[in-house]
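Welcome, and thanks for taking a look at this one. Here is a short tour to read alongside the coordinates.

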Amino acid sequence: MPKNVNKIQHFLFLYVILYLYLIIHILIRNSCSLINSFILEFDAENLNLLAASSREATAISIENPNNKPKKQRRVTGATQKEDDDDLLGNGDSDKTELLVGQKKSAPFWTFEYYQTFFDVDTNQVLDRIKGSIVPWPGKNFVRLYIRSNPDLYGPFWICATLVFAIAISGNISKFLAHFGKPSKHYVPEFHKVTIAATAIYSYAWLVPLALWGFLLWRNTKVMNIVSYSFLEIVCVYGYSLFVYIPAAVLWIIPNEPVRWISIVVAMCLSGSVLVLTFWPAVRDDHHRIAIATMSTIVAFHVLLAVGCKEYFFDAQDTTQTPETVASLTGNKTLPTAKAS
Amino acid sequence: MAEADESNKPLFAGLADVSISEDIPVEGQITVPVGPPAQDDEYSTLDEPVKDTILRDLKAVGKKFVHVMYPKKSSALLRDWDLWGPLLLCVTLALMLQGGAADKKDDGGPQFAEVFVIIWFGSVVITLNSKLLGGTISFFQSLCVLGYCILPLTVAMIICRLVLLGGTGTVSFIVRLIMVVASFSWSTFASTAFLADSQPPNRKALVVYPIFLFYFVIGWMVLTFSPSPTAGP
C-alpha cells in the first residue's frame with residue numbers, strides 16, 4: 001500500500017509542477033507586453049537603419065509578418081551577412097512579439113487560447129525536428145523554423161516519447177544482461193518510468209523558465225538585439241531533446257564504447273543547436289556573462305544525458321558480456337528449468 | 001394603428017381576465033396523438049426488471065466489441081458512446097497484470113493504480129491533443145473509442161497468460177511477441193479508422209502518433225509481464 005501511494009505522489013507532484021508553470025507563464029506573459037513596448041521604442045532606430053540599408057528585405061518582413069514562409073526566410077538569410085540577419089530577425093521579432101500578442105488574444109480561460117499553441121501541420125513538425133538535428137552555423141533554429149509560431153505539440157510529445165524510450169531501453173538492456181543467468185528473476189522495473197518522466201519534464205520546462213527569466217533580467221541591463229519569448233525557448237529545448245530518442249535506442253547495445261560514442265554524438269548535435277540559438281541573444285552582453293550562460297546551458301544538457309545513461313543503464317552489466325553471449329548460445333534450457 | 005392599440009389595450013390591461021374576444025379569429029388545428037404514448041421508455045425503464053436493463057447495456061457493449069474486432073467505418077461507436085466497455089477492459093487488464101506477486105518485495109511490475117492512471121490519463125491527454133489540433137470529435141466519444149480499442153490488447157494478455165502457463169522459454173517469448181505486436185497494430189489501426197475522419201487532413205499524422213505511442217506502451221506492459229517464479233508458499 002505505501003508503495004502505491006508513493007507512485008501516485010510522484011504523478012501528482014509532476015502535474016502540480018506543470019500547473020504552476022502554466023500559472024506563472026500566464027502571469028508573466030501579461031506583464032511581458034509592457035517590457036516589449038519598451039524594447040520596441042529603442043529598436044525603432046534599428047528598424048529605420050534597416051529600412052535605409054535594404055528596402056526589399058524590410059518590405060518582405062513587413063508584408064509577411066505572420067506567414068511561415070520558410071523559403072523566403074532562407075533566401076533573405078542566405079543573401080545577407082549574419083549581422084543583417086540578426087537585425088532582420090530582431091525587427092521581425094519585435095513586430096512579431098506584438099503581433100503574437102495580438103494573435104493570441106483569446107483570454108486564457110477559453111479553449112481557443114490553447115489551440116493557438118498547437119497550430120502546426122505535420123510537415124512543419126517534421127521540418128522542426130530536422131532542424132534540431134542538423135546545426136547549421138549561419139541559421140538560427142528559432143528564426144528559421146519557429147518563426148513566431150511556437151508550438152507545444154513538439155516539446156510535449158518528444159518528451160513523452162523520450163521518457164518511454166529511456167524506460168523501455170533500460171529495461172531491455174537489463175533483461176539482455178541477465179538473460180543467461182538463472183539466479184536473477186527478471187522484473188520489469190516500472191517505477192523507472194515515473195523517475196524518467198519527472199527528470200525529463202523538469203528539464204524541458206524548468207530550465208527554459210530559468211533561462212527565460214535570466215535573459216529577461218539581462219535585457220533590462222543590457223539592450224540585447226535578439227530576444228526570445230518563453231514559448232520559443234521551450235520549443236527549442238523540446239525539439240533539441242529529439243536526438244536523444246535514437247540515442248536511447250542505441251543504448252540497448254550492451255557495448256560500453258558504443259554507448260559513449262552515441263551519447264557524445266547526440267550531445268554535440270543538440271548542444272550545438274542550443275548554442276547557435278542562444279549565442280545571438282547573449283553575445284551583446286559582458287563577455288564573461290555570455291560565456292557563463294552558454295556553458296551553463298551546455299552543462300545542463302550534458303548532465304541530463306549522462307545522468308539518464310548512468311541511472312538507467314548500469315555499466316556493470318556490460319562487463320559480463322562474454323559470459324552472457326556464451327550462455328545465450330549454450331544454456332537455453334535454464335530459463336525453462338527456472339519456471340518449473 | 002392607434003385604434004388597434006386601443007382595442008388591444010383592454011386585452012393586455014386586465015391580465016387576470018384572459019379572455020379572447022370574438023373579434024380576433026382563432027384558427028388552427030390541435031391534434032392529440034391517440035394511442036400508446038410514444039416516449040414510453042423514459043419512465044418505464046424504472047419498471048422493467050433489472051435483468052433487462054443490464055442485458056441491454058451489455059448488448060450495447062458487446063456490439064461495440066464486435067465493431068472493434070472488425071473495424072469498418074461505422075459510426076455506432078461514436079454515436080452511442082459509453083464508458084462501460086473501457087472501464088471493464090481497463091480493470092480486466094490491470095487485474096491480469098498483477099501477477100499474483102503482491103507480497104514479494106522486488107515485484108517491479110506495474111501496480112494496479114499505475115495501469116489505471118496510464119490508461120485513463122493517457123486517453124485524456126490524447127483526446128485533448130486531438131481537440132487542440134482542431135479535431136471535431138467530442139471529448140467522451142474519443143475516450144470511448146480509445147478505451148474500446150484496448151480490447152485486442154486485453155485478448156493478447158489473456159493468451160499470453162495461457163502461454164506463460166506452458167513455460168517461459170524463448171519459444172513462448174517469441175509467440176508472445178508476435179501476439180502482442182499483432183494486437184497492438186490491430187488496436188492502432190482500429191482506433192485510427194474511427195478517429196481519423198474527424199481530424200484536419202494535414203495533421204492526421206500528428207494525431208495518430210500519440211495513439212501509436214499509447215498502445216505501444218500498453219503492449220510493452222503486456223509483453224514484459226512475468227509471473228512470479230514460485231507458484232505457492
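This is a predicted model: local features need pLDDT of at least 70, side-chain atom pairs count only at pLDDT 80 or more; totals for chains, interfaces and linings use all residues.

**Confidence**

- The average pLDDT of chain A is 70, and 61% of its residues score at least 70.
- Within chain A, the element with the lowest mean pLDDT is helix H3 (residues 70-79), at 38, while helix H11 (residues 244-250) has the highest, at 89.
- Two stretches of chain A call for some care. Over residues 37-102 of chain A the pLDDT stays under 50, and the model has 67 contacts beyond four places in sequence for them.
- Residues 318-340 of chain A also stay under 50 in pLDDT, with 18 contacts beyond four places in sequence.
- Chain B has an average pLDDT of 78, with 75% of the residues scoring at least 70.
- In chain B, confidence is highest in helix H5 (residues 84-96), at a mean of 90, and lowest in helix H1 (residues 2-13), at 53.

**The fold of chain A**

- Chain A holds 15 helices and zero strands.
- Of the 340 residues in chain A, 48% are buried.
- Among contacts in chain A with a separation of 6 or more, 81% join residues 24 or more positions apart.
- An unreviewed UniProt entry lists residues 12-28, 152-173, 193-217, 229-254, 260-282 and 289-307 of chain A under "transmembrane region".
- Two of those listed ranges can be set side by side. Residues 260-282 of chain A are 100% helix and 0% strand, with end C-alpha atoms 31 Å apart.
- Residues 229-254 of chain A are 69% helix and 0% strand, and their end C-alpha atoms are 41 Å apart.
- Helix H10 (residues 230-240) of chain A is mostly covered, with eleven of its eleven residues buried. The buried residues of H10(A) include A:Glu232, A:Cys235, A:Tyr237 and A:Tyr239.

**Salt bridges**

- Over all chains, the structure holds nine salt bridges.
- A network of salt bridges links A:Glu256, A:Arg259, A:Lys309 and A:Glu310.
- A:Lys309 is buried, as is A:Glu256.
- Elsewhere, A:Lys130 forms a salt bridge with A:Asp127, with the closest N and O atoms 3.6 Å apart. The two sit three residues apart in helix H6 (residues 122-133) of chain A, which means a separation of about one helical turn.
- Is A:Lys130 buried or exposed? A:Lys130 counts as exposed, because its relative accessibility is 53%.

- A:Ile168 sits in helix H8 (residues 153-177) of chain A and counts as buried, at 11% relative accessibility.
- Which residues of chain B does A:Ile168 touch? A:Ile168 touches B:Phe216 and B:Trp220.
- A:Ile168 lies 9.7 Å from A:Phe312, C-alpha to C-alpha, although the two are 144 residues apart in sequence.
- On chain B, a nonpolar surface patch is formed by B:Val155, B:Ile158, B:Ile159, B:Leu162 and B:Leu165, with about 450 Å² of accessible area together.
- One of these residues, B:Val155, belongs to helix H8 (residues 151-165) of chain B. With a relative accessible area of 33%, B:Val155 is partly exposed.

Definitions and conventions: Residues are numbered from 1 along each chain as its sequence is written. Chains are lettered from A and ligands numbered from 1 in the order in which they are written. Side-chain values use heavy atoms; hydrogens and water are left out. Patches are made of residues with over 30% relative accessible area and no salt bridge: like charges are joined within 9 Å, nonpolar side chains (Val, Leu, Ile, Met, Phe, Trp, Tyr) within 5 Å. Accessible areas come from the Shrake-Rupley method with a 1.4 Å probe; for residues, only the protein chains shown count as cover. A salt bridge is a side-chain nitrogen of Lys or Arg within 4 Å of a carboxyl oxygen of Asp or Glu. Helices (H or I, at least four residues) and strands (E, at least two) are DSSP runs, numbered from the N terminus. Buried means under 20% relative accessible area, exposed over 50%, partly exposed in between (1.4 Å probe, protein chains only). pLDDT is the predictor's confidence in each residue, from 0 to 100. Contact means heavy atoms within 4.5 Å. UniProt positions are given in the numbering used here, feature names are shortened, and annotations may be inferred rather than shown by experiment.
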